[in-house]
Amino acid sequence: MSVNLPTLQVIKIGGNVIDNPPLLEAFLRDIASIKETFVLLHGGGKIATEMAKELGITSQMIDGRRVTDTASLRIVTMVYAGWINKTLVAKLQSKQKNALGFTGPDAGLVISKKRNPLPIDYGWVGDIDQVNGKALSDFIKQGYCPIFAPITADKEGNLLNTNADTMAQAIAIALSEFFEVTLTYCFEKNGVLSNPDDDHSVIPHINQSSFMELKKSGIVTAGMIPKLENAIKAISQGVNTVKLCHASQVLLQEGGTRITA
Ligand SMILES: Nc1ncnc2c1ncn2[C@@H]1O[C@H](COP(=O)(O)OP(=O)(O)O)[C@@H](O)[C@H]1O
Ligand SMILES: CC(=O)N[C@@H](CCC(=O)OP(=O)(O)O)C(=O)O
């Protein structure tokens, strides 16, 4: 018997949008106009890299993930859970949305495990183990819009830097038990492009096998690889709709790239 679940938008924005004040303002205005509550996940990798540089710390990314030593963990925690998360909460509150900021350990919502140091030692980087979808859905049903920073913790209480795209995927999957979820990855391009230099070359649909081809041919690179892996995992594990689009297209039905099973 199929049950009609309420709909929910789970939206992710990356560092390039957060670092662009007019684009961010228009994006927040758009999502504040959504009548229902929504969940927002944010990254901020670009801003953390700039802050690290100002402090004389070099950042190393491997396959779109940051190698996070103790100095980097302090910076990403301050930047993501502090500056960026509170800025977004304050701006959404000013637009009459009841935003509530979270990291993984707040209310025990997201528990992760430190990444195995083999074959690559990423340091203080976490892979998500558990999301408490029931507790999170209770916050949503009370009318809060949860705003997540990509910082989690393990069961021993160690803070762990976590890829924001992965956090969006895990949270969207966990909430699919309670809602019909649309997961939208918003960034600064019009979608996945067949020619990264041509913003009109949007690929309208991608599935697992076309992703493998795009990766093999070098059309999809860098941070787009983990983003698409996460998008494909989400569609195959219960999320109703998954799309990748420009931040200015967040409310539009058309445009961007849709992930198909
Ligand atoms: N085929 C592609 N189409 C669009 N973007 C791509 C593609 N291949 C690589 N990219 C890169 O992926 C980036 C998005 O991933 P990422 O930097 O992790 O974004 P975010 O910080 O928004 O999560 C784009 O800025 C672009 O440079
Ligand atoms: C482990 C890891 O790589 N964490 C990411 C978290 C931020 C992020 O994902 O930011 P964007 O969405 O803006 O790329 C990082 O520190 O860059």
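## Loop residues with positive phi

A222 is found in the loop between helix 7 and helix 8, and in this predicted model A222 has a positive phi of about 45° although it is not a glycine. With a relative accessible area of 52%, A222 counts as exposed because that value is over the 50% cut-off.

A positive phi of about 65° is likewise found at Q96, which is not a glycine either. The loop that holds Q96 runs between helix 4 (70–94) and strand 5 (99–102), and the relative accessibility of Q96 is 68%, so this residue is classed as exposed.

## A cis peptide bond

The peptide bond that joins L118 and P119 is cis, with omega at about 5°. P119 has its place in the loop between strand 6 (110–114) and strand 7 (126–131).

## Nonpolar cores

The largest nonpolar core has 38 residues, and among these F148 and L175 touch the most other members. At least two residues of this core come from each of several elements, including strand 1 (7–13), strand 2 (38–42), helix 5 (133–141) and helix 6 (164–175); strand 11 (180–187), helix 7 (208–216), helix 8 (224–236) and strand 13 (241–246) also supply at least two residues each.

## Contacts of F148

When residues up to four places away in sequence are not counted, F148 touches V39, L40, L41 and H42, together with N85, F102, T103, L109, V110, L136, M167 and I171.

Key. Residues numbered from 1 in each chain as written. Chains lettered and ligands numbered in written order. Predicted model: local features only at pLDDT ≥ 70, side-chain atom pairs only at ≥ 80, totals over all residues. Heavy atoms only, no water. Core = buried A, V, L, I, M, F, W, Y, C linked by side-chain atoms within 4.5 Å. Buried < 20%, exposed > 50% of the residue type's maximum accessible area, 1.4 Å probe, protein only. Helix = DSSP H or I, 4+ residues; strand = E, 2+ residues; numbered from the N terminus. Contact = heavy atoms within 4.5 Å.
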